[in-house]
Amino acid sequence: MNVLLRSIVMVDTNLRHLNMTVLVWDGVSLATDRQANDGSAKWESDKAWYVTDKKTGKVCIVSGVGLLDDVIKLREWYKDGALPESFPELTKRSSQLIVIHRDTGLWLYDGIAHPVHYGHNLHAFGHGKDFAYGALAMGANAKEAVDACNTYSLHCGKGIGIYNLNGETDVKEV
């Protein structure tokens with residue numbers, strides 16, 4: 001393989017593994033940017049979904065960072081009951097599933113079938129998380145933190161999705 005072709009393959013491989021998003025949890029709301037891309041084109045996309053938890057029967061918010069294929073595999077695994085023995089094989093082990101329950105807050109599945117509990121504490125994920133943490137430190141809520149990421153990060157944009165669990169009413173604002 002010639003040098004130019006090897007370089008193109010290396011760039012393509014690296015682009016497929018970039019984490020170009022931001023998710024921000026402020027203890028009440030999950031906010032996401034809406035930009036998706038394939039390394040050369042960008043479009044708007046939802047980055048979180050409302051899912052009924054099979055174990056509790058309650059609605060939760062499910063999202064993730066990493067390769068979209070992996071996030072979808074993880075979402076479907078969770079929807080099917082999140083059984084450890086059926087944890088999906090991921091293309092990239094660093095893909096993460098974020099699950100938010102109204103009562104217990106945020107749970108993070110970080111490449112394995114057993115979550116870490118973050119509760120209702122502030123947290124940010126993805127490429128724009130440094131911008132988000134800066135905004136949160138200055139008193140911003142999740143929406144305002146994602147807005148800062150959309151303004152300053154090259155890898156975030158195309159609007160903001162906001163997800164809340166408000167008892168009987170689940171609210172998604174775009």
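1. Thr-21 sits in the loop between α1 (3-16) and β1 (22-25). A word on what you're looking at: this is a predicted model, where local features need pLDDT of at least 70, side-chain atom pairs count only at pLDDT 80 or more, and totals for chains, interfaces and linings use all residues. Residues are numbered from 1 along each chain as its sequence is written, and side-chain values use heavy atoms, with hydrogens and water left out.

2. How far can you trust it? pLDDT is the predictor's confidence in each residue, from 0 to 100. The protein's mean pLDDT is 86, and 84% of its residues reach 70 or more. Be careful with residues 3-18, though: pLDDT stays under 50 there, and the model has 7 contacts beyond four places in sequence for them (contact means heavy atoms within 4.5 Å). Where pLDDT is low, the predicted coordinates should not be read in detail.

3. Back to Thr-21. Is it buried or exposed? Thr-21 counts as buried because its relative accessibility is 6%; the cut-offs are under 20% relative accessible area for buried, over 50% for exposed, and partly exposed in between (1.4 Å probe, protein chains only). Leaving out residues up to four places away in sequence, Thr-21 touches Asp-33, Lys-47 and Val-65, among others. With Asp-33 there is also a side-chain polar contact of 2.9 Å. That term means a pair of N or O atoms within 3.5 Å; within protein, one must be able to donate a hydrogen and the other to accept it, and residues adjacent in sequence count only if both atoms are side-chain atoms.

4. Next, the inside. A nonpolar core is a set of buried Ala, Val, Leu, Ile, Met, Phe, Trp, Tyr and Cys residues joined through side-chain atoms within 4.5 Å. The largest one has 16 residues, and those touching the most other members are Val-22, Val-24, Ala-31, Ala-132, Ala-145 and Val-146. Two or more residues each come from β1, α3 (129-137), α4 (142-152) and β11 (160-166). The largest share, 5 residues, is α4's. There's also a second, separate core of 14 residues, including Val-62 and Ala-82.

5. Take a closer look at α4. Its buried residues include Ala-142, Ala-145 and Val-146, and the cover over the buried residues of α4 includes β1, β2 (29-33), α3 and β11. At the start of α4, a side-chain oxygen of Asn-141 comes within 3.1 Å of the backbone nitrogen of Lys-143.

6. Now the aromatic rings. Rings of Phe, Tyr and Trp (its six-membered ring) pair if their centres lie within 6.5 Å; planes under 30 degrees apart count as stacked, over 60 as edge-to-face and the rest as tilted. That rule gives 5 aromatic pairs. Trp-77 and Phe-87 are edge-to-face, 4.9 Å centre to centre with 80° between the planes. Trp-77 is in helix α2 (residues 68-79) and Phe-87 in the loop between α2 and β7 (96-101), so their pair ties together parts 10 residues apart in sequence. Trp-77 counts as buried at 4% relative accessibility, whereas Phe-87 is partly exposed with a relative accessible area of 21%.

7. Which way do Phe-131 and Tyr-152 pair? Their ring centres are 6.5 Å apart and their planes at 20°, so the pair is stacked. Phe-131 belongs to helix α3 and Tyr-152 to helix α4, so this pair ties together parts 21 residues apart in sequence.

Definitions and conventions. Helix = DSSP H or I, 4+ residues; strand = E, 2+ residues; numbered from the N terminus.
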